[in-house]
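Here is a briefing on one protein model, written for quick reading. It goes topic by topic, with cut-offs given where each term comes in.

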Amino acid sequence: MTFRISAPWWPLLALASPLLVPILLVRNRRFRKNRNQAHQLNLERINKAASLALPELEFLDVTVLSEWASEEGFMGEPGVSYLLRTDQGSLLYDVGFGPSRPTLAHNATKLGVSLDQVDALAISHLHMDHMGGMKAGRSKQVMVPNELGAPGGKPCFLPDEAGAEGFAAEVVKGPRLLTAGIASIGPLARSLFFLGWTEEQALLARIKDKGLVIFTGCGHPTIEVILQMVGRLSDQPIHAIGGGLHFPITSGRGKYRGIQMQMILGTGKPPWQRITDDDLSKTIRSINAAGPERVFLSAHDTCDYALRRFANELKAETKVLRAGATYRISA
Ligand SMILES: [Zn+2]
Ligand SMILES: [Zn+2]
């Protein structure tokens, strides 16, 4: 078993415990209250959602600009940015660690991708690995590297209140078409112990003769809840699921000073509980029940052990998304 907090920290934690324990208990009360409220709100949102008129797309190309895994010559980071191109246009989904790390600028430049070629930006959720880095997360301002060119007032579709300099920021209130024939399933909430109330929007597209394609950010609302919402929006079969599912079971990406941040933050559990093999088994069953033919796994928030279990136990053809690669889904 890996320790989520390495041994040198333990004496300090023991010393700080008279102070730490009451803080954690107060946080836990808020976390549990939010958890119930998020569950209730998601149920209401799902119940009131109506069928969406999704256009039949000829193809969807997903070009990975930022990911943990990368092709030769490209950089990787524990953040996410995907460029989605269809026969109706293009949408950039998330901007990884943005200008705070060299990854996105390097990979986009190498691929010749700039904001000129993008109709709009959509941010899955307001965490630093999706909205442009730590400074972006703290100031609630989406940040894009200058190398990508000027945003030129294009829309930035957000799951919750935030700014995006140079873009026309717009909070998505519920399921709707965004651009390029791609829809947002609307924000779905999750209570996170340290990161607090988190709204995340997954993307949905319909490919001719194939069915639905779903892309998530970190997958915080859980794929189970996302699939429930998608079931209300369309009766088409689910062809593909891609993006983050958040399974740091044996380790996390981006260990910080001996602390496995991903195994503690963003898990949807209190810090004294782990994401377990049983949790993963349940999610694998849910995905198999949804019956996609293809699954594109994000390694940015899922450990190698969990990726192997997904690959072995999912009935779908699985691939790990790699920065620099393009994945085509077509009629
Ligand atoms: Zn993430
Ligand atoms: Zn996240």
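How far is the sulfur of Cys303 from the closest cysteine sulfur, and in which residue does that sulfur lie? The distance is 14 Å and the partner is Cys218, too far for a bond.

This is a predicted model: local features need pLDDT of at least 70, side-chain atom pairs count only at pLDDT 80 or more, and totals for chains, interfaces and linings use all residues. Residues are numbered from 1 along each chain as its sequence is written, chains are lettered from A and ligands numbered from 1 in the order in which they are written, and side-chain values use heavy atoms, with hydrogens and water left out.

**Overall build**

- The protein has eight helices and 21 strands. These are DSSP runs numbered from the N terminus: helices are H or I with at least four residues, strands are E with at least two.
- The radius of gyration is 19 Å, close to the 20 Å that the globule rule gives for 331 residues, so the protein is as compact as a globular protein of that length. The radius is taken over C-alpha atoms, and the rule is 2.2 Å times the number of residues to the power 0.38.
- The C-alpha trace spans about 60 × 40 × 35 Å along its principal axes.
- Of the 331 residues, 55% are buried. Buried means under 20% relative accessible area, exposed over 50%, and partly exposed in between, with a 1.4 Å probe and protein chains only.

**Zinc ion (ligand 1)**

- Asp129 (OD), His130 (NE2), Cys218 (SG) and His300 (NE2) coordinate the zinc ion (ligand 1) at 2.1 Å. Donors are N, O and S atoms within 2.8 Å of the metal (3.2 Å for Na, K and Ca); water is not among the atoms, so sites may look incomplete.
- The four donor atoms make angles of 96 to 132°, and the site is tetrahedral. Four donors count as tetrahedral if all angles lie between 85 and 135 degrees; four count as square planar and six as octahedral if opposite donors are over 155 degrees apart and all others between 65 and 115; anything else is irregular.
- Along the chain, the donors of the zinc ion (ligand 1) follow the spacing D-H-x87-C-x81-H.
- His130 in helix H3 and His300 in the loop between E18 and H8 link distant parts of the chain, 170 residues apart. Both His130 and His300 are buried.

**Zinc ion (ligand 2)**

- The protein donors here are His125 (NE2), His127 (ND1), Cys218 (SG) and His220 (NE2), lying 2.1 to 2.7 Å from the zinc ion (ligand 2).
- Angles of 90 to 171° among the four donor atoms make this arrangement irregular.
- The donor residues of the zinc ion (ligand 2) are spaced H-x1-H-x90-C-x1-H in sequence.
- The zinc ion (ligand 2) and the zinc ion (ligand 1) are 3.9 Å apart, and Cys218 coordinates both.
- His127 lies in the loop between strand E6 (120-122) and helix H3 (128-131), and Cys218 in the loop between strand E16 (211-216) and helix H5 (223-233), so the pair ties together parts that are 91 residues apart in sequence.
- His127 is buried at 11% relative accessible area, and Cys218 is buried at 3%.

**Cysteines**

- There are zero disulfides in the structure. A disulfide is a pair of cysteine sulfur atoms within 2.5 Å.
- Cys156 is in no disulfide, and its nearest cysteine sulfur, that of Cys218, is 17 Å away.
- Cys156 is buried, with 0% relative accessible area. Cys303 is buried too, at 1%.

**Aromatic rings**

- The structure holds six aromatic pairs. Rings of Phe, Tyr and Trp (its six-membered ring) pair if their centres lie within 6.5 Å; planes under 30 degrees apart count as stacked, over 60 as edge-to-face and the rest as tilted.
- Phe247 and Phe310 have ring centres 5.8 Å apart and planes at 80°, so the pair is edge-to-face.
- Phe247 is buried at 6% relative accessible area, and Phe310 at 0%.
- Phe296 and Tyr327 also form an edge-to-face pair, 5.5 Å centre to centre with 65° between the planes.
- Phe296 lies in strand E18 (residues 294-297) and Tyr327 in strand E21 (residues 326-330), so this pair ties together parts that are 31 residues apart in sequence.
- Ring pairs link Tyr82, Phe215, Phe296 and Tyr327 into a cluster.
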